[in-house]
Amino acid sequence: MGAIASPEARRITRAEVAKNNTEDSLWCIVDHRVYDLTDFLDAHPGGSVVLRQVAGQDATTAFYNLHRQEVLHKYASLCIGTVEGETPEVVTLRPGAISTVPYSEPAYLTQQFKSPYYTESHRKFQRALREFVDQHLVPEAAVKEQDGTYISQSMIERMATNGILAMRLGPGKHLHGLKLPGGIKGEEFDYFHDLITCGELARVNARGFQDGNMAGLSISLTAVQSWMKDKTLRERVTQECLSGKKKMSLAITEAFAGSDVGGLRTTATKTTDGKYYIINGTKKWITNGMFSDYWVTGCKTGKGFSVILVPRDDNVETKQIKTAYSTAAATAFIEFNNVKVPVNHLLGEEDEGFKVIMSNFNHERWAMVAANVQWMRTVVEETLKWSHQRLAFGQPLIQQPVIRAKLARMIQRAEATQAWTEHITYQMNTMSYKEQNIHLSGPIGLLKSYTTRCAHEVADDAVNLFGGRGITQGGMGKIVNQFFTTHKFDAILGGTEEILADLGVRQAMKFMPKARL
C-alpha cells in the first residue's frame, strides 16, 4: 500500500484559485501555498471581511504585513496544495537552529565573525542546549506564562536528569562526573558555558516563566554550598535540590528593606539551650517562594545579621504576589511565625551574614545581565524582521532613515553590553571565588546598571517601531510587549540601578592611589 500524499503535494493553478473567490468557496495563496479558508471565515480572529478582501488572490504581501510564519504553522490543516510550477520561499528553522538575522546572535555563532573566548566545547554545548529549549521549554513556557501556573515537576526532573539544574549554579565540583548537553563533561563547564546557559534559557521569551524556572535555586543553593559548615546536611540538601525533589529560594527582601539589607526586621533568636533558632518575620517579592521547600533567609541576630536555611513547615505561610509578569514566577509573601530551625542551618558565621549575601550577589547579578543581553538581541531580531516586513506609505519601514536610526541604537546597546559581559566573564574564568569578590563586585554592579539602562532604551525604541502591536500581548508584537512590560524586573531585582552604580564607584575608590595625582 503506497504512502498517503500530503495536502501540499497537490498542484493547483492560479487560475483555479481565482475561481474560488466567494464565501461558499474561498481560497487564497500565501507563499506559493494554497489555503482553503471557507470554513475559517467565522473563526478568523480578525473577522471575515479581511479574508473576503483576498478571496481568490495571492495574499502573501497582505499576510506578512500582519503575521509571522508561525500563524501558518498553527493553521497548517487549511493548506490544500501548492501553486503549480512554484516553490515556497519562506524558510522554517528547525529546533535549535541559529538565526540568520544580523545581530540576533552573539558574534561567535555567526559565519562572518570570530571570538577568542569560545571553543568547540562551548559550541557543542550551545547547539544541544538550544535544541532542548526549543523542543521542551518553549512550549511549556508559553502555556505557563499564559495561565500563571508553575513549572511542571516533569520538566524539573527532565532538567535534573541532563544536568541543567546543576548548571544553574555555575562551574564547580557539583558538576564533576556529570554529562551535560552536547556530551561535554561537567569538569569542562566554565563561565562561558554558564553565560550560554543564561542566554539560552532566556530564549523562552516568557519572563515570568523564566524566573519560575528555578531562578530561586540558582541564587540560593550557591550560598548553601559555599557557606554551610555541616557537610552532611549540605550534601543532603544539595542532592535533594539538584535532583528536583526539593525547591529552594532566596528570602532576603522585606517590605521594610530592599536594597537596604541592614534594615531587615526578621529575627532569629536562639533557644536557651542554644540548639535552635526561632525565626519570626516576613519576606516579600520572593521569587519561587510559593513552591519552595527551603529558604536561604536573612535574619537579625544578637549583634548583627545572619543567613539561615529555613525549611518549610506548618509555621511558614506563603501568599502569592501578582506582579507585572506572570504568576508562573511563583512570587511570594512569606510569614515566619515561630519557626524552629536547628543551629547547624546557619550559613557562615553568626552576625556575619553580609559576607554570605554579598559574595552570592556577584553570580546572581552577572546571570541577570546575561539573560538581559539575550532579550535585547531577541528584540533586535524581532524589530529587524518587522521593519523589513511591515509596509507603510507604500514601502517597508526599513526604508525610512528614522527607523534605521532607532535600529542602530538598539544594535549598539546589544553589542556593547555583550562585549562587556564577555570581558567580565573572561575575568571570572581567571579568578578564584575569593578574587572575584574582591575585584568584580564593582564592575559587575556597573555592568548590570548599564545593561538594564540599555534594556530600557531598547524596549522603548522597539515599542515605538511596533506601534500598537508593541503594547499588545499577542500577535507579532508579543515578544516586544513582553520585554517592554518586564525589563524593569532586572533593573530592580538583585540591586537597583542606582545602588549598583554607586557600588561600582565606591569599589573603585578603594583602589585609588593614596598619593595625590
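What we are looking at is a predicted model, in which local features need pLDDT of at least 70 and side-chain atom pairs count only at pLDDT 80 or more, while totals for chains, interfaces and linings use all residues. Residues are numbered from 1 along each chain as its sequence is written, and side-chain values use heavy atoms, with hydrogens and water left out.

Two strands are said to pair if DSSP finds at least two bridges between them, and, in general, strands of a sheet pair through backbone hydrogen bonds, either parallel or antiparallel.

With that in hand, strand β3, residues 25–30, pairs with strand β4, residues 33–36, in the antiparallel sense over 4 bridges. These two strands form a hairpin with 2 residues between them, and Asp 31 in the turn has a positive phi of about 50°. On from there, β4 pairs with strand β5, residues 79–83, again in the antiparallel sense, over 3 bridges, and here Tyr 35 stands opposite Cys 79 in β5. These strands belong to an open sheet of 5 strands with mixed pairing, in the order β1-β5-β4-β3-β2. Which strands stand at the edges? They are β1 (11–12) and β2 (21–22), each with a single partner strand, so one side of each is left without a neighbour in the sheet.

Now to another set of strands. Strand β9, residues 294–301, is mostly covered, since 7 of its 8 residues are buried, where buried means under 20% relative accessible area, exposed means over 50%, and partly exposed lies in between, using a 1.4 Å probe and protein chains only. Strand β6, residues 248–251, pairs with β9 in the parallel sense over 4 bridges, and the bridge partner of Ser 249 in β9 is Trp 295. β9 also pairs with strand β10, residues 304–311, this time in the antiparallel sense over 8 bridges, with Tyr 294 opposite Pro 311 in β10, and a hairpin joins β9 to β10 through 2 residues.

Let me turn to the helices. Axes are lines fitted to C-alpha atoms, for helices over the stretch in contact, and angles run from 0 to 180 degrees between N-to-C directions. The axes of helix α13 (residues 353–389) and helix α16 (residues 441–466) come within 9 Å and cross at roughly 20°. The two are therefore roughly parallel to each other, given that angles under 35 degrees count as roughly parallel, over 145 as roughly antiparallel, 65 to 115 as roughly perpendicular and the rest as oblique. The residues of this contact of α13 with α16 divide into 15 nonpolar, 6 polar and 3 charged, where Ala, Val, Leu, Ile, Met, Phe, Trp, Tyr, Cys and Pro count as nonpolar, Asp, Glu, Lys and Arg as charged, and the others, Gly among them, as polar.

How does α16 pack with helix α17, residues 478–486? Their axes are 9 Å apart and the angle is about 140°, and α16 and α17 are therefore oblique to each other. Ala 455, Val 458, Ala 459, Ala 462, Val 463 and Phe 466 in α16 meet Val 480, Phe 483 and Phe 484 in α17, contact meaning heavy atoms within 4.5 Å. The residues of this contact of α16 with α17 divide into 9 nonpolar, no polar and no charged. Within α17, Ile 479, Val 480, Asn 481, Gln 482, Phe 483 and Thr 486 are buried, and what covers the buried residues of α17 includes α5 (120–147), α9 (207–212), α13, α16 and α18 (488–492).

Finally, a word on the backbone. Most residues other than glycine have a negative phi, and most peptide bonds are trans. Tyr 103, although not a glycine, has a positive phi of about 70°; Tyr 103 is in the loop between β5 and α5, and is partly exposed, with a relative accessible area of 41%. Asn 205, also not a glycine, has a positive phi of about 55°, and is found in the loop between α8 (191–202) and α9.
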